[in-house]
Amino acid sequence: MSEINAINILEKALNANHLHHAILLYGKSTIPLENVAREMASKLLKKSCHNHPDLFELRPEGKMRQIKIGKIEGEPEQNTMRKLLIDLRKTSALGEHKVAIIYEADRMNIHTANAFLKTLEEPTDKTTIFMLTTRPYDLLDTIKSRCIALRVDCPEEEIENPLWQTWIDDYKAWQKALMGGIGKEIKLQDAMMNCYGLLARFECIIEEILEENTSVDSTKEENLEEEMIEAIKTGERKAIRKRLFADIEKACVACALGGNGVPSVKISRVVEALEKASGLTELNMPDTIALEYFMLSSLRIWTR
């Protein structure tokens, strides 16, 4: 369902005093999930949730992109599950509702998930928890069974960056040359040079698009720790990367279908290679290295 429909459903439940304490929002893109969660957080808190003392957020961080459980002893670390659970047990700062948003909830390991389960089973009063994920199948069944799940999607938005549109056009030209045959349409050394030229430009373009679309402005940075800022930017990079890879998939399929006598098995293999590359990025492989794997795989597929 759309963002608006999801918000309307949740708002009706809230007005009827039937809103569940744990809500799992899932879909293909993180952006609509975050929009719904933050809109409902503002309604529950009765004012903008931005910098609200009763809004608690938890994100994956670090090289492994995990939601950390945190130390058992001493002062609880920021952006850890133990810190979140302590905050939720405290009295509301403004005497009203408390809201938690867990971004990329599928990034909880077994220890973090088990620590979280007790709160799901015995929620504190006037507390609502939103869990956001694009990979609901990676969540423990014991967690999913204790939530109300809503799928939230939105129409795919085109990336309007002109450098990206030029990159896609050049990628299509590169693939068409490969389809024409090495030694016929393009020399092997030229195909390799063009491949690495596209890879170098991709890294610059994704950084520029991220800069244009970041939600972390200078005002927010003053109130956030460095690790949290990095976690937010990494999540945004992940969402942008998925849109870029989706554009590449459309381009390679459209290009292949426009060719004469192109074996469908090769088209399938190219798409499979891109899906594998996308999966590798979910396992924390850098974007450019995953794309390099895909493009070299494409070169082998089209030239055999």
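# Exercises on a predicted model

At 0% relative accessibility, Ala 41 counts as buried. The model is predicted.

**Exercise 1.** State how many helices and strands the chain has, and what share of its residues is buried.

*Solution.* Start with the elements. The chain holds 11 helices and 5 strands. Next, take burial. Of the 304 residues, 44% are buried. Then look at contacts between residues at least 6 apart in sequence. Of these, 77% join residues at least 24 apart.

**Exercise 2.** Locate Ala 41 and list what Ala 41 touches beyond four places in sequence.

*Solution.* First, the element: Ala 41 sits in helix α2, residues 30-45. Second, the cut-off: buried means under 20% relative accessible area. The value for Ala 41 is 0%, so this residue counts as buried. Third, the contacts. With residues up to four places away set aside, Ala 41 touches Cys 49, Leu 55 and Val 99. Last, a distance in space. Ala 41 and Ile 129 are separated by 88 residues in sequence, yet their C-alpha atoms are 9.4 Å apart.

**Exercise 3.** Decide how helices α3 and α4 are oriented to each other, and name the residues that meet.

*Solution.* Take the geometry first. The axes of α3 (residues 81-89) and α4 (residues 110-121) come within 10 Å and cross at roughly 10°. Angles under 35 degrees count as roughly parallel. That makes α3 roughly parallel to α4. Now the residues. From α3 come Met 81, Leu 85 and Leu 88; from α4 come Thr 112, Ala 115, Phe 116 and Thr 119. Sort this contact of α3 with α4 by class: 5 nonpolar, 2 polar and no charged.

Then check burial in α3. Its buried residues are Met 81, Lys 83, Leu 84, Leu 85, Asp 87 and Leu 88. The cover over them includes α4, along with β2 (55-58), β3 (98-102) and β4 (127-133).

**Exercise 4.** Is Thr 119 buried or exposed?

*Solution.* Thr 119 belongs to helix α4. Its relative accessible area is 12%, so Thr 119 is buried. Leave out neighbours within four places in sequence. Thr 119 is then in contact with Leu 85, Leu 88 and Ile 129.

**Exercise 5.** Work out how α6 and α11 pack, and which residues make the contact.

*Solution.* The axes of α6 and α11 (residues 287-303) are 8 Å apart, at an angle of about 30°. The two helices are therefore roughly parallel. On the α6 side, the contact uses Trp 167, Tyr 171, Trp 174, Gln 175, Leu 178 and Met 179. On the α11 side, it uses Leu 291, Phe 294, Met 295, Ser 298, Leu 299, Trp 302 and Thr 303. By class, the contact of α6 with α11 has 10 nonpolar, 3 polar and no charged residues. Finally, burial: the buried residues of α6 include Trp 167, Tyr 171, Trp 174, Gln 175 and Leu 178.

Methods
Residues numbered from 1 in each chain as written. Predicted model: local features only at pLDDT ≥ 70, side-chain atom pairs only at ≥ 80, totals over all residues. Heavy atoms only, no water. Buried < 20%, exposed > 50% of the residue type's maximum accessible area, 1.4 Å probe, protein only. Helix = DSSP H or I, 4+ residues; strand = E, 2+ residues; numbered from the N terminus. Axes fitted to C-alpha atoms, helices over the stretch in contact; angles between N-to-C directions. Parallel < 35°, antiparallel > 145°, perpendicular 65-115°, else oblique. Contact = heavy atoms within 4.5 Å. Nonpolar A, V, L, I, M, F, W, Y, C, P; charged D, E, K, R; others polar.
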